[in-house]
Amino acid sequence: MNRIISSRASGNPISLFSFFTNQFRSFAANHHHHRSTSFDLEKYVHQRCRSGNLEVDEALSHFHSMIKMRPLPSIWAFNHLLSTISKKNQCSTVLCLYREMLGCVLLEPDACTFNIAIKCLCHLKKVDLGFPTIAVLLKRGLQPNDYTLNILLHGLCTQGLMVSAMELFRYILDKGHPCDVVTYGTIIDGLCKDGQSLKALGLLRQMQENGRIKPDVECFNSVIDGLCKEQQLDEALSLFQDLIKKRVLPDVITFNSLIHGLIKFDRWEEAARLLSDMHDRRVSPDPTTYNALIDGLCKEQWLDEALSLFQDMIKKRVPPNVITYTSLIHGLIKFDRWEEAARLLSDMHDRGVSPNATTYNALIDGLCKQRMIDKAISVFELMSRKGIKPDVVTFNSLIDALCKLGQLVEASQYLPKMIDCGVSPNVVTYNTLLDALCKKGRTLEALNLVQAMIDHGVMPNIITYNSLMHGLCRSGEWKEAIKLLNMMKSQAVSPDVFTFSILVGALCKEKRTKEALTVLGLMTRRGLSPNLVTYSSLLSGFCHLGQMEEAMRLFNGMVSRDIVPNTWTLNILLNGFCEQGVMDKAEKLLEAMIQRGIKTDTLSYSILFAR
């Protein structure tokens, strides 16, 4: 203002109007420049996001440049960046940027912004934070759309929170919120994966009756697959027929679920009809279809049919994958068809299909069962060189084979190797080693191994205790074996018939038939029925003590329980009578047993005639 007055005083007046006109033109030009710069950046960001090669660091750089610009670029540009970063599995980063956006007063996030944030929360398994995010959305005067609610519903289903998912679903319906086939499809799929396929079927029927939203093939596929997995095959087939009547076109996933389910329960004729129906409807089988059929045929030991189907797969240019080859190789090795398995391995290599851990496991297990342990170890070493990480199945096969060959030291050396490979030994690993130690009479080491097993968080099971009990009893340590019953109780492991039979047998060998009968009583009180082994052990104990009346009373009790004696039982009694010199009773027993259809052997007659 002083300059204006000064100009007037100097005789060179500047009008107030011309001053403000010049200032406005300058501001407008500057503002247009910023708008142009903002628009250019938006356009560039859009192009970079669509290119698919925008890296996270560059995206972050653009974001920080954009949020400092005045005027701010549109929310559309920010959303593009958030979406791109989320697709790079950088959900935590996206949420940090989202919070920064909420803190910017001049920026107005839209429903799309909130959808991206909720999707990231669900991906990070923080679906519970999705609800407060919707509250913020509502507070800002926005409304959740069908995509918003579907994201949240999908997050709940993915985390297995089906009670909450059903509550949200009912809320969506009751409040008239946007709902589409994706909404129904999400909750139906979630229920099926949670083992509630019949409930999902009810929702599908509800959709059909309502008529407002028509179920698509994906809705049908979820329920059909769920029903097949829950062994409700007839319901699944009935729904398939319903799908056809409703003129919904089945796809390869529909057929794969049904074929896999039918094969699993040996319903091969129906599976074959479905395969034919696929052809008639011009639905091409994919590798999953062939894999289900080939694996099923191999498990049924129909290897030639499986190989024929494999050739058909090749002719139809359906690429076999590692699952195809592994099923065939495993089946061939199981029946010693090593040359054909080797040819398939070569074919695998030629087609660029890399064997996985399961393929190597099939080879190692097959070699171990053939007692070719050196070759099995060579395959194991090859597996490591190829960068394929062995799993617990790999190690268990090797340990089992070495134990059976009596190479206990070598077998034990694989425990630290497992841990070095990041593989935790399981109960099968420990049980294999434990059984081998017990058979060698090394019961103290076996007991130490059980403790080590517990220390490593692997809980012993009934097989563990039965092996240990059998080993202790064989070593004459029956008192220690009885103590194991209390240890089993503390570990919540219930003794079975085999457990009690081991104890009964051990006590009878020690001529402690009274204690053996006490164990028998304990067994029956626990709701377990003694078997032939249990009775035969007791009979042997009574016979050795010459207590033939007790033996016959027990024998008659056994028969009354519909437990059929065998040759071993008969010979125990025959030997008992003959030892006591009661030949007439021995002969009568033999005659009675023959009339009952009990088989005799040469030992039965040699017992009689040797006296």
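**View 1. The buried side of helix H30 in a predicted model.** In this predicted model, the residues Thr513, Ala516, Val519, Leu520 and Met523 of helix H30 are buried. These residues lie on the same side of H30, because they cover an arc of only 110° around the axis. An α-helix has 3.6 residues a turn, so residues three or four places apart point the same way. On the other side of H30, the residues Lys514, Thr518 and Arg525 are exposed. Helix H30 itself runs over residues 513-525, and its 13 residues reach 18 Å from the first C-alpha to the last, which is close to the 18 Å expected at 1.5 Å a residue.

**View 2. Leu517, a residue of helix H30.** Leu517 lies in helix H30 and is partly exposed, its relative accessible area being 35%. When residues up to four places away in sequence are not counted, Leu517 touches Leu538 and Phe542. Leu41, by contrast, is 476 residues from Leu517 in sequence, and 91 Å lie between the two residues in space, C-alpha to C-alpha.

**View 3. The buried side of helix H7.** Helix H7 covers residues 130-139, and in it Gly130, Thr133, Ile134 and Leu137 are buried. Because these residues cover an arc of only 100° around the axis, they are on the same side of H7. The buried residues of H7 pack against helix H5 (91-102), against helix H6 (111-123) and against helix H8 (146-158). Gly141, which comes just after H7, takes a positive phi of about 80°.

**View 4. Cys192 and its contacts.** Cys192 is found in helix H10, which is formed by residues 181-193, and with a relative accessibility of 9% this residue counts as buried. Once its neighbours within four places in sequence are left aside, Cys192 is in contact with Ser197, Ala200, Ser222, Val223, Gly226 and Glu230.

**View 5. Asn571 in helix H33.** Asn571 belongs to helix H33, which is made up of residues 567-579. With a relative accessible area of 7%, Asn571 is buried, since a residue under 20% is given that description. Apart from its neighbours within four places in sequence, the residues in contact with Asn571 are Asp601, Leu603, Ser604 and Ile607.

**View 6. The largest cavity and its lining.** The structure holds one cavity of 30 Å³ or more, and the space in the largest cavity comes to about 40 Å³. Its lining is formed by Tyr184, Met207, Asn210, Arg212 and Ile213. By residue type, the lining of the largest cavity divides into three nonpolar residues, one polar residue and one charged residue.

Conventions
Residues numbered from 1 in each chain as written. Predicted model: local features only at pLDDT ≥ 70, side-chain atom pairs only at ≥ 80, totals over all residues. Heavy atoms only, no water. Helix = DSSP H or I, 4+ residues; strand = E, 2+ residues; numbered from the N terminus. Expected span 1.5 Å × (residues − 1). Buried < 20%, exposed > 50% of the residue type's maximum accessible area, 1.4 Å probe, protein only. Arc of directions from axis to C-beta. 1 Å grid on protein atoms, 1.4 Å probe; cavity = no way out; pocket = protein on both sides within 12 Å on 5 of 7 lines; lining within 4 Å. Points joined across faces, edges and corners; volume = space filled by probe spheres on them. Nonpolar A, V, L, I, M, F, W, Y, C, P; charged D, E, K, R; others polar. Contact = heavy atoms within 4.5 Å.
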